[in-house]
Amino acid sequence: MRFTSEQRLDDGVLEREFVLGEIPGTLWTRGSEPAPLILMAHNNGLPKGDSRLVARARRSAAYGYAVATIDAAGCGDRPRSPADEQTRADLRRAMRAGEPVDEIFESLVGPLVEGAVPEWRTTLDALLALPEIGGPVGYSGWTAVGIRLAVAEPRIAAAGLFAGGFVPRAQREEARQVTIPLLFLLQWDDEGNPRQRALDLFDAFGTKEKTLHANLGGHTGTPWFEAEDGNRFFGRHLK
């Protein structure tokens, strides 16, 4: 892992950009003592620099966590295959035409998850070798990746998941194997994610410690107080 830049932000959080092989990432920390780590991912491959993700990361870092995000394979500005670009074009066309999009999402998001999870695990290895990170580890964000990581990665101790991203069939089945504590955030009026599908997924999670927070509003309308509740959730399981 090589750090390429750093800046001290107004709230005292240190923001550092890094590269790990071909993986670009950002790490936010505050203080010199080893801190619990939160891996933070945006839905469906949006870039690590997305303003909502950065704001969440900074809040969590100010709360006393080390927070890291990456652009995994096919995400953010990383190169995409011609087939991937065609799938994205098909998705945009279908959405404009009001056509069904589930199968297109399946062919887009499924490979993203398959490519992202190994890179998240590689990044986790490198992050836990840093003296300012002491574990344990939480995950926040993209549900499809979070499910796969929770099943494949025993170092993940708790997860906060956003119900707004498409979850492929493979991860819906894997949800039954998830046994770590969960906080699941649902926007009741999410125009792109049927409410009942999200409720069915919550019911499918195998853990016996799971909490559902539902708020009125559309896809991007998650209230900011949920970020504070998320930090308290991680405080119960990571500190």
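Leaving out its neighbours within four places in sequence, V19 is in contact (heavy atoms within 4.5 Å) with M1, R2, T4 and P24. V19 sits in strand β2, which covers residues 14-20; strands here are DSSP runs of E with at least two residues, helices are runs of H or I with at least four residues, and both are numbered from the N terminus. At 24% relative accessibility, V19 counts as partly exposed, given that buried means under 20% relative accessible area, exposed over 50%, and partly exposed in between (1.4 Å probe, protein chains only). V19 and P111 are 92 residues apart in sequence, and their C-alpha atoms are 22 Å apart in space.

A word on the model itself: it is predicted, so local features need pLDDT of at least 70 and side-chain atom pairs count only at pLDDT 80 or more, while totals for chains, interfaces and linings use all residues. Residues are numbered from 1 along each chain as its sequence is written, and side-chain values use heavy atoms, with hydrogens and water left out.

Next up is helix α1, residues 51-62. Its 12 residues reach 16 Å from the first C-alpha to the last, close to the 16 Å expected at 1.5 Å a residue; the expected span is 1.5 Å times one less than the number of residues. The buried residues of α1 are L53, V54, R56, A57, S60 and A61. They cover an arc of only 165° around the axis, so they end up on the same side of α1; the arc is that of the directions from the helix axis to the C-beta atoms. The cover over these buried residues includes the strands β3 (23-29), β4 (35-41), β5 (66-70), β6 (133-142) and β7 (156-162), along with helix α7 (225-238).

Helix α2 runs over residues 82-97, and its 16 residues reach 23 Å from first C-alpha to last, close to the expected 22 Å. On the buried list for α2 are D84, T87, R88, L91 and A94. Looking down the axis of α2, these residues fall within an arc of 125°, so they line one face of the helix. The face turned away from that buried side carries the exposed residues P82 and R96.

Part of the cover over the buried residues of α2 comes from α3 (102-127). The axes of the two helices, α2 and α3, come within 9 Å and cross at roughly 145°; axes are lines fitted to C-alpha atoms, for helices over the stretch in contact, and angles run from 0 to 180 degrees between N-to-C directions. The α2 and α3 crossing is left-handed, a label used if the near helix is turned anticlockwise from the far one by less than a right angle, with right-handed for clockwise. On the α2 side, D84, T87, R88, D90, L91 and A94 meet I104, F105, S107, L108 and L112 of α3. The residues of this contact divide into 6 nonpolar, 2 polar and 3 charged, where Ala, Val, Leu, Ile, Met, Phe, Trp, Tyr, Cys and Pro count as nonpolar, Asp, Glu, Lys and Arg as charged, and the others, Gly among them, as polar.

Within α3, L108 counts as buried at 5% relative accessibility. Beyond its neighbours within four places in sequence, L108 is in contact with D84, T87, R88 and L91. P100, in the loop between α2 and α3, counts as exposed at 76% relative accessibility. P100 and G230 are 130 residues apart in sequence and 33 Å apart in space, C-alpha to C-alpha.

Helix α6 (residues 195-204) has A198, L201, F202 and A204 as its buried residues. Their arc around the axis is only 160°, which puts them on the same side of α6. Covering them are, among others, α4 (143-152), α5 (169-174), β8 (182-187) and β9 (210-215). F184 lies in strand β8 and, at 2% relative accessibility, counts as buried. Not counting residues up to four places away in sequence, F184 touches T143, L161, A163, A198, L201, F202, F205, T211, L212 and H213. The C-alpha atoms of F184 and A159 are separated by 8.4 Å, and the two residues are 25 apart along the chain.
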